[in-house]
Amino acid sequence: DVTTLTFLKDKSPQSSIMFVCNKVDIEVTGPVHDDDDDEDEEEDNESDGSSESDEINDKKDKEEVVFDQLKDSNFLTGESSKTCDLFHAISAKDIRTERKDKVSGGEATRRFQRFQGKLQTLLADIMKGQTKRVVQALLVLQESFVNVVQVQRSQITQQASIIPEITRQACQIESKMFDSLKSFTSSDSEGTKQRIQEHLKELKETFSQDAVTYKVPNQRTIRERAQTMIKTDLKVAFSPEQLSRMNKEDFILERFLGDMKANILEKLCNSLVRFVQSLMEEVVSDLIEDIIGLNDNLTHPMVSKILEESYGGQFVKAKTETRELIEDILNNLLDSIKEAARVALRREISVPLSSKEVRTYSKRDVTDKTRRQSVVESLLATIDDKRVAEAVFDACFDCLQRMRNRFLSSMDFLQHLQTAFSNSQATVQLEDLRLRFTPEIRMLAVEGMALKYVQNYGPVKCGSPIAQTRHGQLFDCASVTWCRCSPRGQCVVKEIERKTVGESVWKQNAVDLVNMMDMIHKLNGSHPNLLRLYGWVFPEPDVLHVVMEKAEKSLLCALKELASAYAQSSLTKLIRRINMARDVAEGLKAIHAIGYIHEDIKPGNILVMSDGTAKINLAKPESPYDMTTLGAPFHVSPEMYQYHGKGHLSYLSYDIYAFGMLLWVLLEGRGTSRPKVYKDLETIQAMQAAVENGTLPCEDDKEFQIPLVSDACWSLMTKCWKDRASMKMDSIITDLKAIWEIATSFH
């Protein structure tokens, strides 16, 4: 039904049409005409020089017949029906037979399963495309408030001091992008318009041959089609009196016009869209280097969120991936512009073609090849090449301008947010607002991000259980799409249930997840000494699945295994433990460099990978005061007991002090001990009293003696504890390197 298919493509040119050919167990083996039509057929053969029966007398697969027809009419592309995602041939009869006979993996069943899978994929893509912009707009709104109300280390963000920098960076990247894309759509690009017109002229020359090879239907087919056309198409175009006067030539011409209009429309639109896309790809290739350069200076994830919401490109993701991925992202960014061009092309080509009808032709006999060529030339003459090119440019520019307007609207919103907070003098009220609503706002952001992760990767499937943690259960990840996020192809899923962990931990998870994603974005996607977090979903309203990088073992387990490795020398073991300390120090340095404080550096939050690299676990609810595997927590500093969780700012000294205690555990090496001065402190209250009283591990601890580097290690740990207010991670890393060099010099 060419007419209906053309109507559907005109109405929704950006949508795909999937074709299902049923009853493929039936084969085309006989002629499609009766003997009493032989005389008419001979007349047709004389004019066309070919016989329709030549094609149909050979046994031919119905699947291939239908596919070829759709392909010839430019509704499908591809070399084979077996590989075309939008064409599926099935047989309900054969499927029932295979099921009845319990045939496993039969051809008919396999075909149906392929159709089912492709249909689900197509529907999923449509759903994803329609909801992606809504979800992204929601995230921009939520994260704007999160950035305004959260506490920074150096200042309260009620002054929204970060907003101007977000605005500046976003405008810088957007301006470059808009100017580059506008170069394709600008009105002065006469050279590009000329190329489109030349391509259009070349295409027009191919339709003359289509007119020559067109098969005029035989008499029986004419009669059948005439009855259908009188009831449908012709009834609309002609009055009853005109229909009564129509003869054989009129019906043939009407059919020929319909077929050729559809042929011209589909071929021109498909070819021109591909040509326009190739022109836009030239712009993209020039833009890639500029985007890479601008991305190197991108420091805040909100910038990429706003650009993605406006233009559809995932710019933060592009920062850390390959050039090929950046090309894909920028090509996706142009999809909307390409669809605008497609709509414009169909309008500018179909409208003039529709002006040519049967009544506009005085000579209506198209059984002659020359006459058919003349009719096709008259159809092509209605298409104004210059107007088509200009319509494409206008449509592309309008689409681009709509993208920019969305971006400017986001910038305007941020500016109003900045003004509202910076002009307010109600400091106490704003701080109360921050403390009261930040967890709720972040939970909304977590839920919004979960929608986006489901769109990108689908639901999370839990595999075999790995371990039970304090705040949930750990599983292997069995979802292929999620595992592709990991360079090693392996992820773990942490399942957290609200009723199990309680309200406080549940809300703290939301705060930690938003902070972690913010850290990951600011660190350009990852850091070698921070455990990667890939995302999360809510399989049920009060159940959270967090997907993260898979580690080999916990730090304490790694230390116990290393201590019992009799094949390794004590010096080798020491060097490996020093390397772990250096890994953690580098991770902490990265966290501090982006304005964050971990606040819970302890052995339970350090994981070891299969290659021995130590990584800080970010995907763990903050719980510094909970009991640990080694007993009451001894990594909490005096000022952390005094200020943490009471509305005060956080301090770097929290992490410096805790790192000194972690260093003690690493260098002691057994993974089962705590400093001797804390051995009898069995409760958290007793530990807090001792810490606030200034009780620290001492150098004369006989259980802690390290040959060669004992003095240097004690010196570094002591500085972490006593000089924590002024100590920086750079200094700690330098000292650890010196200790490592001493140890390796004796190796």
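Reply: A helix here is a DSSP run of type H or I with at least four residues, and helices are numbered from the N terminus. By that count, Ile-520 sits in helix α23, which covers residues 503–522. Keep in mind that you're looking at a predicted model.

Let's start from that isoleucine. Ile-520 has a relative accessible area of 11%, and because buried means under 20%, Ile-520 counts as buried. Now find Arg-532: Ile-520 and Arg-532 are 12 residues apart in sequence, and their C-alpha atoms are 8.0 Å apart in space.

A hairpin takes you from β8 to β9, with two residues between the strands.

To see where they meet, pick Lys-494 and look across to Val-546 in β9. How many of the residues in β9 are buried? Seven of its seven, so the strand is mostly covered. In general, side chains in a regular strand alternate between the two faces of the sheet.

Strand β5 (residues 462–469) and strand β6 (residues 472–477) are joined by a hairpin through two residues, and they pair in the antiparallel sense over five bridges. Thr-469 has Gly-472 of β6 as its bridge partner.

Further along there's an open sheet of three strands, in the order β10-β11-β12, with antiparallel pairing. β10 (553–554) and β12 (614–616) are at the edges with a single partner strand each, so one side of each has no neighbour in the sheet. The pairing of β10 with strand β11 (residues 606–608) runs over two bridges, and Ser-554 stands opposite Leu-607 of β11.

Now for the charges. Side chains of opposite charge can pair when their charged atoms come close. How many salt bridges does the structure hold? The count is 23. One of them joins Glu-266 and Arg-346, with the closest N and O atoms 2.9 Å apart. Glu-266 is in helix α13 (residues 248–296) and Arg-346 is in helix α17 (residues 335–354), so this pair ties together parts that are 80 residues apart in sequence. Are these two buried or exposed? Glu-266 is buried, at 0% relative accessibility, and Arg-346 is buried as well, at 4%.

Glu-348 and Arg-347 also meet in a salt bridge, at 3.6 Å from N to O. Here Glu-348 is buried at 13%, whereas Arg-347 is partly exposed with a relative accessible area of 42%.

A further pair is Glu-639 and Arg-724, whose closest N and O atoms are 2.9 Å apart. This one links distant parts of the chain, 85 residues apart: Glu-639 belongs to helix α26 (residues 638–643), while Arg-724 is in the loop between α29 (710–722) and α30 (729–745). Both Glu-639 and Arg-724 are buried.

Some charged residues go beyond pairs: Glu-63, Glu-64, Lys-82, Glu-107, Arg-110 and Arg-111 are linked in a network of salt bridges. Glu-63 is also one of the buried residues in helix α4 (residues 62–72), along with Val-65, Phe-67 and Leu-70. Just after α4, Asn-74 takes a positive phi of about 65 degrees.

Leu-119, Leu-123 and Ile-126 make a nonpolar patch with about 240 Å² of accessible area together. Leu-119 belongs to helix α6 (residues 107–149) and is partly exposed, at 31%. The other patch is negative, formed by Asp-384, Glu-390, Asp-394 and Asp-398. Glu-390 lies in helix α19 (residues 385–422) and is partly exposed, with a relative accessible area of 30%.

Terms used
Residues numbered from 1 in each chain as written. Predicted model: local features only at pLDDT ≥ 70, side-chain atom pairs only at ≥ 80, totals over all residues. Heavy atoms only, no water. Patch = residues over 30% accessible without salt bridge, like charges linked within 9 Å, V, L, I, M, F, W, Y side chains within 5 Å. Areas by Shrake-Rupley, 256 points an atom, 1.4 Å probe, with all protein chains shown as cover. Salt bridge = Lys/Arg side-chain N within 4 Å of Asp/Glu carboxyl O. Lys, Arg positive; Asp, Glu negative; His and termini not counted. Charge placed at Lys NZ, Arg CZ, Asp CG, Glu CD. Buried < 20%, exposed > 50% of the residue type's maximum accessible area, 1.4 Å probe, protein only. Pairing = 2+ DSSP bridges.
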